[in-house]
Amino acid sequence: FSRPRFSLLKTSLPDNVMVLTYAVLNEENTFLLRLAHQYGRDEGEAHSDPAYVNLQDLYPEHDIASVTEKTLSANQDRADWEKRRLRWNNVMLEDPARGEGIAEGGLVVMLKPLEIRTFEVSVTV
């Protein structure tokens, strides 16, 4: 038997990425999107590499108006949290997993091994 398949995706996600949360927020044109890299470092040659996801591919019928990275719990903007977080001994350590990984006007995001990232995405109707 064959089943008709329906997908909202324009293209498939990378094999090492899954959508954890895809929910409509209070406003009907704003979504909470949480993406996760499923593999750890050195778990496999291809699967342990950073993965790139074009957010526009998740909303093929709409144009994305804005993308804001949130904290994992989605209760505050990631950029605001980074400014206020406690830094031990006033030393700012460079974390290559953060501060980079969003390109093409904020539509292509990079996920490193075992990384989970949360976004608030607003679309135009």
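**Notebook: leucine 114 and its surroundings**

I looked up the contacts of leucine 114 (contact: heavy atoms within 4.5 Å). Beyond its neighbours within four places in sequence, leucine 114 touches His37, Gln38, Tyr39 and Gly40. I note that the model is predicted, that local features need pLDDT of at least 70 and side-chain atom pairs pLDDT 80 or more, and that totals for chains, interfaces and linings use all residues. Residues are numbered from 1 along each chain as its sequence is written, and side-chain values use heavy atoms, with hydrogens and water left out.

**Entry on leucine 114.** I located leucine 114 in the loop between β6 (108–111) and β7 (116–124). Strands here are DSSP runs of E with at least two residues, helices are runs of H or I with at least four, and both are numbered from the N terminus. From leucine 114 to tyrosine 39, 75 residues away along the chain, the C-alpha separation is 5.5 Å. I then read the backbone: phi of leucine 114 is positive, about 60°, although the residue is not a glycine. Is leucine 114 buried or exposed? Leucine 114 is exposed, because its relative accessible area is 57%; the scale is buried under 20%, exposed over 50% and partly exposed in between, with a 1.4 Å probe and protein chains only.

**Entry on aspartate 42.** I found aspartate 42 in the loop between β2 and β3 (51–54). Its phi is near 65°, again a positive value in a residue other than glycine. Aspartate 42 is exposed, with a relative accessible area of 73%.

**Entry on the sheet.** I traced an open sheet of 4 strands in the order β1-β2-β7-β4, with antiparallel pairing. Its edge strands, β1 (17–24) and β4 (63–70), each pair on one side only. Direction ignored, neighbouring strands of this sheet are turned by 25° against each other on average; the axes are lines fitted to C-alpha atoms, and angles run from 0 to 180 degrees between N-to-C directions. Two strands count as paired if DSSP finds at least two bridges between them. Between β1 and β2 (residues 30–37), which run antiparallel, I recorded 7 bridges. Valine 17 has histidine 37 of β2 as its bridge partner, and His37 is also among the contacts of leucine 114.

**Entry on the whole protein.** I listed 1 helix and 7 strands, in the order β-β-β-β-α-β-β-β from the N terminus. Of the 125 residues, 34% are buried. Among contacts between residues at least 6 apart in sequence, 62% join residues at least 24 apart.
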